[in-house]
Amino acid sequence: MRIGELAARTGTTTRALRFYESQGLLDARRASNGYREYDEDDYRLVNEILTLQAVGLSLEDTRPFVECLRAGHETGDSCADSIEVYQRKLAEVDACLARLNDVRESLLTKLAGALKTPPGPCVVTPRNEEA
């Protein structure tokens with residue numbers, strides 16, 4: 001299939017496919033007329049890349065998964081390097097969740113304190129504007 005068909009089938013753009021190729025994630029073969037040609041294996045690689053990016057992995061993070069598929073494995077996460085990426089990304093997500101939980105706890109504390117004081121009128125005082 002040609003680049004436009006692969007882009008349409010995977011829901012991406014030809015520009016993205018050319019970028020994947022420039023990054024070494026996708027190997028396009030050239031027809032005698034110079035057009036890029038792709039097959040079902042390429043379709044599978046692009047789907048793997050897009051799926052992984054959709055869950056938060058960077059393009060570089062997808063490299064071990066692509067290499068695992070190219071090595072003939074049934075899934076891109078059958079290799080040790082892919083598992084390592086999952087573990088690293090989960091550690092990043094856990095750290096982010098911990099920071100968010102700290103922010104949440106801080107906001108709850110502030111809200112509880114604010115609710116203990118009787119509400120007063122909100123008076124807006126004009127600022128002295130200097131020309």
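Student: Is Leu25 buried or exposed?

Tutor: Leu25 is buried, having a relative accessible area of 1%; buried means under 20% relative accessible area, exposed over 50% and partly exposed in between, with a 1.4 Å probe and protein chains only. The model is a predicted one, where local features need pLDDT of at least 70, side-chain atom pairs count only at pLDDT 80 or more, and totals for chains, interfaces and linings use all residues. Residues are numbered from 1 along each chain as its sequence is written, and side-chain values use heavy atoms, with hydrogens and water left out.

Student: Where is Leu25, and which residues does Leu25 touch?

Tutor: Leu25 belongs to the loop between helix H2 (14-22) and strand E1 (29-30). Helices (H or I, at least four residues) and strands (E, at least two) are DSSP runs, numbered from the N terminus. Contact means heavy atoms within 4.5 Å. Leaving aside residues up to four places away in sequence, Leu25 touches Tyr20, Leu45, Ile49, Leu59, Thr62, Arg63, Val66 and Arg70. With Leu59, the separation is 34 residues in sequence and 9.0 Å in space, C-alpha to C-alpha.

Student: Why is H4 largely enclosed by the rest of the structure?

Tutor: Six of its eight residues are buried, so H4 is largely enclosed. Those buried residues are Arg63, Pro64, Phe65, Val66, Cys68 and Leu69, and their cover includes H3 and helix H5 (80-116). After H4 comes Gly72, with a positive phi near 100 degrees.

Student: What lines the largest pocket?

Tutor: First, the idea: on a 1 Å grid over the protein atoms alone, a pocket is an open set of points where a 1.4 Å probe fits, with protein on both sides within 12 Å along at least five of seven lines, and lining residues have an atom within 4 Å of a point. Here the lining is Asp27, Arg29, Asp39, Asp41, Asp42, Arg44, Leu45, Leu69 and Arg70.

Student: Which charges sit over rings?

Tutor: A charge sits over a ring if NZ of Lys or CZ of Arg is within 6 Å of the ring centre and within 35 degrees of the ring normal. The charged end of Arg2 lies over the ring of Tyr35, 3.9 Å from its centre. Likewise, the charged end of Arg9 lies over the ring of Tyr43, 4.0 Å from its centre.
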